Amino acid sequence: MPMYEYYCPACQAKFDKLRPMNGADSAVQCPEGHHGARRLVSVFAMGGRGTEPAPAGGGGCCGGGACACGR
């Protein structure tokens, strides 16, 4: 079950809640008990460690040359 981020306009709280995908857009009750909190559009970031470039692929291995399987 995915976790979604919600915002309550009554108390201006942001909170997370586990919900089934088919109920993600339904209004929920915030932790303070207000009704009508709505789901936010969440953003996520992908990245490595700091400013290191990503490893170059193309090694023909199962991980594109980035694994240690010994092939």
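Strand 1 and strand 2 form a hairpin with 4 residues between them, and Q12 in the turn has a positive phi of about 60°. Strands are DSSP runs of E with at least two residues, numbered from the N terminus. The model is a predicted one, in which local features need pLDDT of at least 70 and side-chain atom pairs count only at pLDDT 80 or more, while totals for chains, interfaces and linings use all residues. Residues are numbered from 1 along each chain as its sequence is written, and side-chain values use heavy atoms, with hydrogens and water left out.

**Sheet**

**Surface**

M3, in strand 1 (residues 3-8), also takes part in a nonpolar surface patch of about 380 Å², together with M1 and L18. Patch residues have over 30% relative accessible area and no salt bridge; like charges are joined within 9 Å and nonpolar side chains (Val, Leu, Ile, Met, Phe, Trp, Tyr) within 5 Å. Accessible areas come from the Shrake-Rupley method with a 1.4 Å probe, and for residues only the protein chains shown count as cover. The table uses these classes: buried is under 20% relative accessible area, exposed over 50%, and partly exposed in between (1.4 Å probe, protein chains only).

| Residue | Relative accessibility | Class |
|---|---|---|
| M3 | 54% | exposed |
| C8 | 0% | buried |
| C11 | 29% | partly exposed |
| D25 | 54% | exposed |
| R39 | 35% | partly exposed |

**Cysteines and salt bridge**

With a disulfide taken as a pair of cysteine sulfur atoms within 2.5 Å, the count is 0 disulfides. The closest cysteine sulfur to that of C8 is in C11, at 3.7 Å, which is too far for a bond.

There is 1 salt bridge, defined as a side-chain nitrogen of Lys or Arg within 4 Å of a carboxyl oxygen of Asp or Glu. D25 forms a salt bridge with R39, and their closest N and O atoms are 2.7 Å apart. Because D25 lies in the loop between strand 2 and strand 3 and R39 in strand 4 (residues 35-39), the pair ties together parts that are 14 residues apart in sequence.

Key. Two strands pair if DSSP finds at least two bridges between them.
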